[in-house]
Amino acid sequence: MQSINAESEELLTIDQVSMIVDIPVSTIRKYCSRYRKYLHLKRGDNNALMFTKESIQLLVKARELTRQGLRLNTIVGLISGQSKSNLTTFMDMDPIPPSEK
């Protein structure tokens, strides 16, 4: 299993991200469509979506906020930094469980 190194910007494919954070590929694609402006996605070979550590953290946070029943506009506000709530603690979290490294 690949890990994300903070010092080098290792990029992961959508399938790798799905396996690591246990979010279905279809859900990741939906989140990419909704939050593309904040995800800083990159393109790899064959135009494949590639995800940075920060992008993966935002996907996980979007899932958590959705599960909490927050509305889309509230989630966008939190992710974009327009909300009074602070995501700093979350952004410091490593999205890959230690057992997967």
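**Ground rules**

Helices (H or I, at least four residues) and strands (E, at least two) are DSSP runs, numbered from the N terminus. This is a predicted model, where local features need pLDDT of at least 70 and side-chain atom pairs count only at pLDDT 80 or more, while totals for chains, interfaces and linings use all residues. Residues are numbered from 1 along each chain as its sequence is written, and side-chain values use heavy atoms, leaving out hydrogens and water.

**Helix H1**

H1 covers residues 14-21, and its buried residues (under 20% relative accessible area, 1.4 Å probe, protein chains only) are Ile-14, Val-17, Ser-18, Ile-20 and Val-21. What's covering them? Strand E1 (12-13), helix H2 (25-39), strand E3 (49-51) and H3 are included in that cover, with contact meaning heavy atoms within 4.5 Å. After H1 comes Asp-22, with a positive phi near 60°.

**Helix H3**

At 1.5 Å a residue (times one less than the number of residues), the 15 residues of H3 should span 21 Å, and its end C-alpha atoms are 21 Å apart, which agrees. Gly-69 follows H3 and has a positive phi, near 85°.

**Where H3 meets H4**

The axes of H3 (residues 53-67) and H4 (residues 72-80) come within 10 Å and cross at roughly 145°; axes are lines fitted to C-alpha atoms, for helices over the stretch in contact, with angles from 0 to 180 degrees between N-to-C directions. On the H3 side, Leu-58, Ala-62, Leu-65 and Thr-66 meet Ile-75, Leu-78 and Ile-79 of H4.

Definitions and conventions:
Buried means under 20% relative accessible area, exposed over 50%, partly exposed in between (1.4 Å probe, protein chains only).
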